[in-house]
Amino acid sequence: MVDATHISFAADDRSYFSLLKKEIHKRALDAGINIKRINELDLIVAEMTSNLFKYANGGEILMGIFTNGGSPYVELISIDRGPGISNIAKMMQDGVSTTNTMGNGLGSIKRLSDVFEIYSIPDWGTIILSRVYNDSKSVKNTLKADVRSIILSKPGETCSGDGFIYKINNDYLKIMLADGLGHGPEANKAVNEAAEAFRVFPEYSPTETIRFIHSAIRKTRGAVAAIVCYDFNQKKWTMTGIGNIATKLVGVGALRNHMSYNGIVGHNIPNTMNDQVITSEQFNQVILCSDGIKTRWDLSRFPLISKYDLSILAAAIYKDQARKTDDMSIIVTKLK
């Protein structure tokens, strides 16, 4: 089922921390994560919440569980609006703290995580990424592109009206981000039917895929959607969008917005549509956002962020630009 990839936990009230840890523990257990790794997750969450309590304003933890082809992992992203860390390398040393406590939190999180990164800007805040795999041997990603996502339901909803799906093989990568009209179960139904049509459609063309999905979801409330493909052999991006999904291509010193067609998939789309084709010489990365994310973000606000895991970039955009009044989605893909 296509749904939110992450759950948001407010982490600005110390009295809530034990409940937060229990909920993350339960969800990891339900996902089949082994108890040793769950115990390590408990310690990571305890260190994250402790740091947020000491230093943060408006602290938040995002938790996602990913099946990863049968070898699941848990992703935790800690986000704060605190003072930032001026010397991360020093703070990673056990026993170093800016308070009178032991101060070994960041070092512990790093040791217990299969993937760990920390990104911080003075007077902006800090993002900490931790991934814990059920089997640490499955961490390595041998695919030709990396795809990361943060999708969150509108606060108060039990499911997301946004959803994404992708296919990848030796020849091409094909990604769709869709936003069902409105939010809640009916929007989620529209997105899931669109995802099922995406799965079974055999052709590469984003435009023809949109046409096929349009016919398949006529009985739903409809959706807006963007489909982006990359041909590994021809080294070209191809894309088509309907409605207000923001699509941006990113390269070294280059940024290009893709313009979508007006319409609603499942209700009305233009009779004439064409794939837009762009060579990858300038652009090695694509970012897709639903309208739950403000569109006027600027990557230059995040120094050196291209050197970090894509989930750090997605979290930085979310931190600054999430509307919190709708479902929210950021999909980031980068060629290797």
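1. **Ground rules.** This is a predicted model, so local features need pLDDT of at least 70 and side-chain atom pairs count only at pLDDT 80 or more, while totals for chains, interfaces and linings use all residues. Residues are numbered from 1 along each chain as its sequence is written, and side-chain values use heavy atoms, with hydrogens and water left out. Helices (H or I, at least four residues) and strands (E, at least two) are DSSP runs, numbered from the N terminus.

2. **Domains.** The protein is split into domain 1 (6-133) and domain 2 (145-335), with bounds from an automatic or database domain assignment. Their C-alpha centres lie 28 Å apart. Domain 1 gives 22 residues to the contact and domain 2 gives 19 residues, where contact means heavy atoms within 4.5 Å.

3. **Helices 2 and 4.** The axes of helix 2 (residues 35-55) and helix 4 (residues 105-112) come within 9 Å and cross at roughly 155°. Axes are lines fitted to C-alpha atoms, for helices over the stretch in contact, and angles run from 0 to 180 degrees between N-to-C directions. The two helices are therefore roughly antiparallel (over 145 degrees; under 35 is roughly parallel, 65 to 115 roughly perpendicular, the rest oblique). From helix 2, R37, E40, L43, I44, E47, M48 and N51 meet G105, L106, S108, I109 and L112 of helix 4. The residues of this contact divide into six nonpolar, three polar and three charged (Ala, Val, Leu, Ile, Met, Phe, Trp, Tyr, Cys and Pro are nonpolar; Asp, Glu, Lys and Arg are charged; the others, Gly among them, are polar).

4. **Helices 5 and 6.** Helix 5 (residues 185-200) packs on helix 6 (residues 206-216) at about 135°, with the axes 9 Å apart, which makes helix 5 oblique to helix 6. E193, A194, A197, F198 and V200 of helix 5 touch T209, F212, I213 and A216 of helix 6. By class, that contact has seven nonpolar, one polar and one charged residues.

5. Five strands form an open sheet in the order 6-15-14-11-12, with antiparallel pairing (strands pair if DSSP finds at least two bridges between them). Strand 6 (145-152) and strand 12 (254-258) are at the edges with a single partner strand each, so one side of each has no neighbour in the sheet. Five bridges join strand 11 (residues 246-251) to strand 14 (residues 285-289), and L249 has V286 in strand 14 as its bridge partner. Helix 7 (residues 310-321) packs on the sheet, touching strand 6, strand 14 and strand 15 (328-335).
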